[in-house]
Amino acid sequence: EVQLVESGGGSVQAGGSLRLSCAASGYTYSRYCMGWFRQAPGKEREGVAGIYGGGGLPYYADSVKGRFTISQDNAKNTLYLQMNSLKPEDTAMYYCAASSGMYSGGWYCGPRTNFGYFGQGTQVTVSS
């Protein structure tokens, strides 16, 4: 059973930083795409960043490029999202995600990826 458990959310002022973590279990981490999504009240869920579990070029949404960094520790099956220069518009529930199925090595885990597993989410609130 795929399990994704996020941690690290909180409240910060604009310009601050937070680091989210996602502990993954129940599947072969290195063969799946991993990603971060967010959803603000009244808005659709948005894909923020993605990376292949076996390593590769990361994907970032335009809204977070240059401010957020996705990384992973394969030995721990743990995904991270370092968020710097946070803005009030980054306020949302952030979700860790895994793809519905395995992808071949080198897959670019961007908008064409089918993410089918999501964690329960961790809240990020940025005040101005």
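Strand β3 and strand β8, the latter covering residues 78-83, pair in the antiparallel sense over 6 bridges. Within this pairing, in what is a predicted model, cysteine 22 stands opposite leucine 79 of β8. Strand β3, which spans residues 18-25, is also joined to strand β1, residues 3-7, by 5 bridges, and these two strands run antiparallel as well.

Seen as a whole, the protein chain has 11 strands and 0 helices, and from the N terminus on its elements read β-β-β-β-β-β-β-β-β-β-β. The C-alpha atoms fill a box of roughly 40 × 30 × 25 Å along the principal axes. For 128 residues, a compact globule would have a radius of gyration near 14 Å, and the protein chain agrees with this because its own value is 14 Å. Of these 128 residues, 42% count as buried, and among contacts with a separation of 6 or more, 58% come from residues 24 or more positions apart.

Side chains of opposite charge can pair when their charged atoms come close. The structure holds 4 salt bridges, and one of them connects aspartate 90 with arginine 67, where the closest N and O atoms are 2.7 Å apart. This pair links distant parts of the chain, for aspartate 90 belongs to the loop between β8 and β9 (92-99), whereas arginine 67 belongs to the loop between β6 (59-60) and β7 (68-73), 23 residues apart. Both aspartate 90 and arginine 67 are buried, and salt bridges that share partners bring Arg38, Glu46, Arg67 and Asp90 together into one network.

Another salt bridge is formed by aspartate 62 and lysine 65, whose closest N and O atoms are 3.2 Å apart; aspartate 62 and lysine 65 are both exposed.

Aromatic side chains come next. A pair of aromatic rings is described by the distance of the centres and the angle of the planes. The structure holds 6 aromatic pairs, including that of tyrosine 59 and tyrosine 108, whose ring centres are 6.2 Å apart and whose planes stand at 85°, so the pair is edge-to-face. Tyrosine 59 lies in strand β6 and tyrosine 108 in the loop between β9 and β10 (115-118), so that, at 49 residues apart, this pair too links distant parts of the chain. Tyrosine 59 counts as buried because its relative accessibility is 18%, whereas tyrosine 108, with a relative accessible area of 41%, is partly exposed. Elsewhere, Tyr27, Tyr29 and Tyr32 form one aromatic cluster.

Arginine 19 lies over the face of tyrosine 80, at 4.0 Å from the ring centre, and the charged end of arginine 45 sits over the ring of phenylalanine 37, 5.6 Å from its centre.

Technical notes. Residues numbered from 1 in each chain as written. Predicted model: local features only at pLDDT ≥ 70, side-chain atom pairs only at ≥ 80, totals over all residues. Heavy atoms only, no water. Pairing = 2+ DSSP bridges. Helix = DSSP H or I, 4+ residues; strand = E, 2+ residues; numbered from the N terminus. Salt bridge = Lys/Arg side-chain N within 4 Å of Asp/Glu carboxyl O. Buried < 20%, exposed > 50% of the residue type's maximum accessible area, 1.4 Å probe, protein only. Phe/Tyr/Trp six-rings, centres within 6.5 Å; stacked < 30°, edge-to-face > 60°. Lys NZ or Arg CZ within 6 Å of the ring centre and 35° of its normal. Rg over C-alpha atoms; globule rule 2.2 N^0.38 Å. Contact = heavy atoms within 4.5 Å.
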